[in-house]
Amino acid sequence: MNYRHAFHAGNHGDVLKHLALVLVLDALKRKPTPFAVLDTHAGRGLYDLASDEAERSPEWRSGVGRLWGQGGSPASLADFLARLARFNPDGALRCYPGSPALVAEALRDGDELAACELHPEEHAALKAALRGRPGVRIHARDGWEALGALLPPAQRRGLVLIDPPYEAPGELERAAAALVAARRRFRNGIYLWWRPLKSESALDAVDSEIANFGVGESLRADLWIDTPRPDGKLVGSSLLLLNPPFGLKQELELCLPALADLFAAGRSGWRVR
Ligand SMILES: C[S@@+](CC[C@H](N)C(=O)[O-])C[C@H]1O[C@@H](n2cnc3c(N)ncnc32)[C@H](O)[C@@H]1O
């Protein structure tokens with residue numbers, strides 16, 4: 001396990017993932033009944049954009065760095081920025097919240113987050129970042145195994161975020177199989193699965209495999225900042241959602257063109273389907 005998300009925190013892929021995440025959380029909060037979130041690969045929760053890692057690989061500068069300080073349109077992007085601002089009360093962008101921090105901030109009484117992080121240092125940092133937060137449980141356990149052990153949640157409604165590091169070969173296919181199996185256990189859950197966009201055909205292949213299992217309604221959102229290259233370099237990212245909340249497609253269709261323009265006007269693009 002060599003992957004450290006601190007090198008990538010706040011990049012274009014994080015912005016796409018975390019924007020969709022907060023939109024899903026907002027949708028869950030439209031009903032008063034409690035919900036649960038399972039974050040299978042949680043990371044350390046809070047990322048210092050002045051850390052050594054962020055200095056050595058300043059991906060955030062061409063991601064959230066371009067978004068920070070932008071105006072209030074579309075409204076969902078303005079709301080996302082307002083959430084980031086809560087983590088940066090003195091007005092300068094220094095702290096980027098990862099998925100468990102964004103979820104923890106959104107929980108109401110009765111809502112719960114189970115966040116799994118296997119790397120000892122990342123796990124310790126996550127525990128420290130979210131210590132004392134009501135409804136939050138941090139597990140030092142394998143996120144793939146947690147999909148079997150922790151689903152369905154007692155609340156019977158909620159979100160499963162699957163965001164592995166893709167450092168092992170075959171992790172895309174592994175995640176696809178895990179997603180299908182998890183959905184059998186928790187059928188009405190919302191699933192949000194982040195994937196790197198390096199080869200569109202590889203993503204199309206896993207998505208059609210998943211569709212063959214009859215997984216119900218799905219939504220795919222892609223955002224790229226360059227055209228795919230033969231060397232397989234990351235040029236964008238892709239989300240696959242199962243049971244996407246009502247209205248999410250329209251929100252993403254409003255936000256993604258704005259993000260594509262900000263990140264790399266001319267070379268960038270987006271697609272929601
Ligand atoms: C892409 S990062 C997660 C980023 C986080 N979801 C976010 O959006 O802020 C993937 C994380 O998964 C952790 N990890 C790797 N294999 C794991 C496993 N089998 N179970 C749980 N965590 C794992 C890594 O240490 C890394 O911190």
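User: What covers the buried residues of H8?
Analyst: In this predicted model, the cover includes helices H7 (143-149) and H9 (200-212), along with strands E6 (158-162), E7 (190-197) and E9 (236-242).

User: Which residues of H8 are buried?
Analyst: Ala175, Ala176, Ala178, Leu179, Ala182 and Arg183.

User: And where do they sit around the helix axis?
Analyst: Looking down the axis of H8, the buried residues fall within an arc of 165 degrees, so they line one face of the helix. As background, an α-helix has 3.6 residues a turn, so residues three or four places apart point the same way.

User: How many residues does H8 have, and what should they span?
Analyst: H8 covers residues 171-185, which is 15 residues, and at 1.5 Å a residue they should span 21 Å. The end C-alpha atoms are 21 Å apart, which agrees.

User: Switching to the core. Which residues touch the most other members of the largest nonpolar core?
Analyst: That core has 79 residues, and Ala20, Val24, Tyr191, Leu192, Trp193 and Leu239 touch the most other members. Helix H1 (residues 12-28) supplies the largest share of this core, with 9 residues.

User: What does Ala20 touch?
Analyst: Leaving out residues up to four places away in sequence, Ala20 touches Leu192, Ala221, Leu239 and Leu252.

User: OK, zooming out. How many helices and strands are there?
Analyst: The protein has 10 helices and 10 strands. Its radius of gyration is 17 Å, close to the 19 Å that the globule rule gives for 273 residues, so the protein is as compact as a globular protein of that length.

User: What box do the C-alpha atoms fill?
Analyst: Roughly 45 × 40 × 35 Å, taken along the principal axes.

User: What percentage of the residues count as buried?
Analyst: 44% of the 273 residues.

User: And what percentage of the contacts with a separation of 6 or more come from residues 24 or more positions apart?
Analyst: Those pairs account for 78% of such contacts in the protein.

User: Last one, Gly65. Where is it found?
Analyst: Gly65 is in helix H3 (residues 64-67).

User: Why does Gly65 count as partly exposed?
Analyst: Because Gly65 has 18 C-beta neighbours inside 10 Å, and a residue needs 20 or more to be buried and 12 or fewer to be exposed.

User: What does Gly65 touch?
Analyst: Trp60 and Leu93, not counting residues up to four places away in sequence.

User: How far apart are Gly65 and Glu251?
Analyst: They are 186 residues apart in sequence and 22 Å apart in space, C-alpha to C-alpha.

Methods:
Residues numbered from 1 in each chain as written. Predicted model: local features only at pLDDT ≥ 70, side-chain atom pairs only at ≥ 80, totals over all residues. Core = buried A, V, L, I, M, F, W, Y, C linked by C-beta atoms within 7 Å. Helix = DSSP H or I, 4+ residues; strand = E, 2+ residues; numbered from the N terminus. Contact = placed C-beta atoms within 7 Å. Rg over C-alpha atoms; globule rule 2.2 N^0.38 Å. Expected span 1.5 Å × (residues − 1). Arc of directions from axis to C-beta.
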